[in-house]
Amino acid sequence: MRNEKILVVGLGAMGSAALYHLARLGVAPIGIEQYQVGHALGSSHGHSRAFRIFYHDPLYTTLAEAALPLWQELEALSGEKLLELTGSLFFARPDNEHIEQKIGVMQALKRPYELLTAQDVAARFPALRLPEDTVACYTPQGGFLDASRCVQTHLLQARRFGATIHEQVRVDRVDLSQEWPELETSAGRYRCSRLIITPGPWASEIVESLALPLQVTRQQKFYFQPKHRAAYQPDRLPVYADGNTQFYGFPEYGLGMKAADDQLGVIASPNNIDRTLDLDKRDQLKRWLETIMPNSEFAFVTGATCMYTMTPDRDFLIGPHPHNPNVLVSAGFSGHGFKFSTLVGKILAELATGGTTEYPIDRFRLDRPF
Ligand SMILES: Cc1cc2nc3c(=O)[nH]c(=O)nc-3n(C[C@H](O)[C@H](O)[C@H](O)COP(=O)(O)OP(=O)(O)OC[C@H]3O[C@@H](n4cnc5c(N)ncnc54)[C@H](O)[C@@H]3O)c2cc1C
């Protein structure tokens with residue numbers, strides 16, 4: 001039996017961030033990951049995740065704002081470019097309730113935003129040609145994070161500050177009945193004084209005692225290469241989202257221009273998810289890009305499968321396990337967690353080492369009624 005102080009299980013976006021923030025507090029944490037770190041079988045791989053403060057709920061706006069300086073601090077510390085602040089553009093027909101709600105939050109919190117007509121959008125972002133009756137809202141505090149690089153950077157820096165990583169070790173069972181939680185793994189037994197579980201779509205398996213009401217869905221993203229590339233670069237095109245179709249896309253970066261559908265895909269299981277690309281969805285997204293950017297041709301490059309882990313109320317799950325306060329769980333990021341991951345890591349590190357956090361996470365408690 002290995003006796004450790006603080007263990008983090010699952011090193012995707014949330015676990016890598018927790019490991020980093022713990023290491024910075026000088027507690028020499030151990031991270032356990034069932035696959036090789038940086039793998040593409042969970043929810044945190046790929047070139048881009050949208051960063052935005054344009055939210056339907058002030059809680060998420062303020063948390064995204066709290067995450068922003070942490071990303072910038074990590075960039076400064078590591079010398080890696082992680083966040084591209086292109087601004088974000090949300091557009092919809094005038095009667096769309098999502099855009100109205102989000103603009104309402106910007107107004108209530110007095111955050112900067114600009115309402116643009118279709119002509120304004122075309123003048124500012126030459127690639128975009130939106131329908132005449134479109135309402136568009138541009139927020140400067142938006143852009144995208146290089147997802148895989150963020151995970152890798154958190155892990156590299158965690159190691160630098162004293163963390164140890166055990167890769168390809170699968171946790172099969174967690175015994176919460178002792179004050180010091182015990183783990184059965186593919187590499188033997190561990191015991192620790194604090195345990196942080198950040199298992200992404202595997203959450204229902206590893207914390208089965210909680211019977212978490214989570215639903216895993218299959219999501220796919222597709223990359224397209226525009227024929228004339230200049231107008232599609234991050235300095236000329238923001239991250240854009242269409243409130244009517246719920247499709248969203250990015251400027252050219254990494255493998256091309258990424259586009260995806262934010263509507264929920266089919267229910268899936270992380271261990272046997274179908275990773276075959278949905279070619280109908282690919283074609284729908286290509287047609288959508290061609291509609292809003294009619295002056296270019298887009299060639300399909302590739303696609304990838306990923307998973308959302310949804311809670312019934314779409315709020316995250318972050319906090320102590322109701323049966324053992326020495327165990328912290330974070331899961332259920334409902335398709336929009338990445339931008340917050342460095343903050344979630346900080347919150348978990350604070351809870352594990354000091355028992356409290358300054359951030360407002362009460363809505364995320366695990367024992368809330370669903
Ligand atoms: C297509 C797509 C687009 C998205 N777009 C955005 C976006 O634009 N903006 C945004 O903010 N968010 C976005 N998200 C959501 C965001 O990516 C996720 O919320 C986030 O990556 C979840 O991270 P995680 O650490 O909880 O899960 P994961 O990355 O899945 O990490 C969990 C880790 O735990 C490990 N693990 C699980 N069980 C065990 C075990 N028993 N033993 C050992 N290790 C274990 C897994 O192998 C995995 O590495 C998107 C998600 C998808 C799928």
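**Getting to know the cores and the ligand site**

Q: In this predicted model, which residues have the most contacts inside the largest nonpolar core?
A: Let's start with the core itself, which has 59 residues. Two of them have the most contacts inside this core: Trp71 and Ile318.

Q: Which element gives the most to this core?
A: Several elements give two or more residues to the core, including β1 (2–9), α1 (13–24), α2 (58–78) and α8 (341–354). With 10 residues, the element that gives the most is α2.

Q: How much of the ligand's exposed area does the protein bury?
A: Backbone atoms reach the ligand in several places: a backbone N or O atom of Ala13 lies 3.2 Å from a ligand oxygen atom, and one of Phe338 lies 3.0 Å from a ligand oxygen atom. Taken alone, the ligand exposes 1000 Å². Of that area, the protein buries 97%.

Q: Which element gives the most to the shell around the ligand?
A: The elements that give two or more residues to this shell are α1, β3 (49–52) and β17 (298–310). With three residues, the one that gives the most is β17.

Methods. Residues numbered from 1 in each chain as written. Predicted model: local features only at pLDDT ≥ 70, side-chain atom pairs only at ≥ 80, totals over all residues. Heavy atoms only, no water. Core = buried A, V, L, I, M, F, W, Y, C linked by side-chain atoms within 4.5 Å. Buried < 20%, exposed > 50% of the residue type's maximum accessible area, 1.4 Å probe, protein only. Helix = DSSP H or I, 4+ residues; strand = E, 2+ residues; numbered from the N terminus. Polar contact = N/O pair within 3.5 Å; in protein donor to acceptor, adjacent residues only side chain to side chain. Areas by Shrake-Rupley, 256 points an atom, 1.4 Å probe, with all protein chains shown as cover.
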